[in-house]
Amino acid sequence: MDLTASAEELNRLADAVAGGEGMLGSTASATGALAGIEVRKTSGPGILIHLDSERRILVISGDAAGRAVLADNVRDMASAEDGGHLHIDYHPGHFYLVEGSVPLVVNSPHGGMPTR
């Protein structure tokens, strides 16, 4: 999954992830684009990111500790004024993602590669 959004939209996503609930709609009109992102609280451990392909909704569910880390990562990307992107990919022993999570790329609203 490749997520492109404004800084405001990424911050709303981070707030929903941190809070453990919310449904954010998409304004994308491209064929196959997500209809939105749904966030759910679960007992965990960890975070599961999966695609509900029937509804075209990216679902993020998990425990408070994992959601807090993911929310901070999304907020960091929202404020990355020099551009870049964040890869969120499961691997065995991942700190907060659980097996079965789909890879997600969160793009800076300022695009491109960072100048750092």
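Predicted model: local features only at pLDDT ≥ 70, side-chain atom pairs only at ≥ 80, totals over all residues.
Residues are numbered from 1 along each chain as its sequence is written. Local features need pLDDT of at least 70 and side-chain atom pairs count only at pLDDT 80 or more, while totals for chains, interfaces and linings use all residues, and side-chain values use heavy atoms, with hydrogens and water left out.

Me: Which residues touch the most other members of the largest nonpolar core?
Reply: A nonpolar core is a set of buried Ala, Val, Leu, Ile, Met, Phe, Trp, Tyr and Cys residues joined through side-chain atoms within 4.5 Å, where buried means under 20% relative accessible area with a 1.4 Å probe and protein chains only. At least two residues each come from α1 (7-19), β3 (36-41), β4 (47-52), β5 (57-62), α2 (64-78), β6 (85-88) and β7 (104-107), the helices (H or I, at least four residues) and strands (E, at least two) being DSSP runs numbered from the N terminus. Among the 27 residues of this core, those that touch the most other members are Leu13, Ile49, Ile60, Leu70, Ile88 and Val106.

Me: How many residues of β5 are buried?
Reply: From β5, Ile57, Val59 and Ser61 point one way, whereas Leu58, Ile60 and Gly62 point the other way, and all are buried. The strand is thus mostly covered, and the buried count for its six residues is six.

Me: What is the bridge partner of Leu48 in β5?
Reply: Strands pair if DSSP finds at least two bridges between them, and β4 and β5 do this over six bridges in the antiparallel sense. They form a hairpin with four residues between them, and Arg56 in the turn has a positive phi of about 60 degrees. On the β3 side, where six bridges join β3 to β5 in a parallel run, Arg40 has Ser61 as its partner in β5. For Leu48, the bridge partner in β5 is Ser61.

Me: Which strands stand at the edges of the open sheet of three strands?
Reply: The order in this sheet is β1-β7-β6, with mixed pairing. One side of each edge strand is left without a neighbour in the sheet, because each has a single partner strand, and these edge strands are β1 and β6.

Me: Which element supplies the largest share of the lining of the largest pocket?
Reply: By class, this lining has ten nonpolar, six polar and three charged residues. At least two lining residues each come from β1 (2-3), α1, β2 (21-25) and β3. The largest share, four residues, comes from α1.

Methods: Buried < 20%, exposed > 50% of the residue type's maximum accessible area, 1.4 Å probe, protein only. Nonpolar A, V, L, I, M, F, W, Y, C, P; charged D, E, K, R; others polar.
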